[in-house]
Amino acid sequence: MIEVRFVTADGSRTHSAQGAEGDRLLTVAQNAGQPLEGTCEGQMACSTCHVIVTPKDFGRLPQASEEEEDMLDLALGAVRTSRLACQIVLSPELDGLTVQMPGGHRDMHGR
């Protein structure tokens, strides 16, 4: 199992979860009760699964595709280390990955 740490938007709490190799970070986050909507169900047609990867972990991730970069342009509060959780596939090299929930997001369901 691969451990992932989720930090709240305000940085006050951390929640650890585990996923299997090949799981998408979005699925692990949703199963752990994290506030990631993932409206497009991983089809990279929205930015509702935007997370901020810690700088120390950002370099361990494969480079974002041009399509992912385009979607991140729509994400509220995007920073240099922002990624879409639907595009992060867990691997043993990512064990201990820490991501922070962004301070705001676009609610594509209109809630």
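Q: What keeps Cys86 out of the disulfide count?
A: The nearest cysteine sulfur, that of Cys49, is 3.7 Å away. The cut-off is 2.5 Å, and Cys86 is therefore in no disulfide. The structure holds 0 disulfides.

Q: How do you know whether Cys86 is buried or exposed?
A: Its relative accessibility is 1%. Because the limit for buried is under 20%, Cys86 is buried.

Q: What makes up the largest nonpolar core?
A: This core has 24 residues, and Phe6, Leu25 and Val99 have the most contacts inside it. At least two residues each come from strand 1 (2-7), helix 1 (25-31), strand 3 (50-53), helix 3 (66-72) and strand 5 (97-100). Helix 1 gives the largest share, 4 residues.

Q: Which residues does Val99 touch, not counting those up to four places away in sequence?
A: Val99 touches Arg5, Phe6, Val7, Leu25, Val51, Ile52 and Val53.

Q: How do you know how far to trust residues 105-111?
A: The mean pLDDT of the chain is 92, with 93% of residues at 70 or more. Over residues 105-111, however, the pLDDT is below 50. Where pLDDT is low, the predicted coordinates should not be read in detail. The stretch has 14 contacts in the model beyond near neighbours in sequence.

Conventions
Residues numbered from 1 in each chain as written. Predicted model: local features only at pLDDT ≥ 70, side-chain atom pairs only at ≥ 80, totals over all residues. Heavy atoms only, no water. Core = buried A, V, L, I, M, F, W, Y, C linked by side-chain atoms within 4.5 Å. Buried < 20%, exposed > 50% of the residue type's maximum accessible area, 1.4 Å probe, protein only. Contact = heavy atoms within 4.5 Å. pLDDT = per-residue confidence, 0-100.
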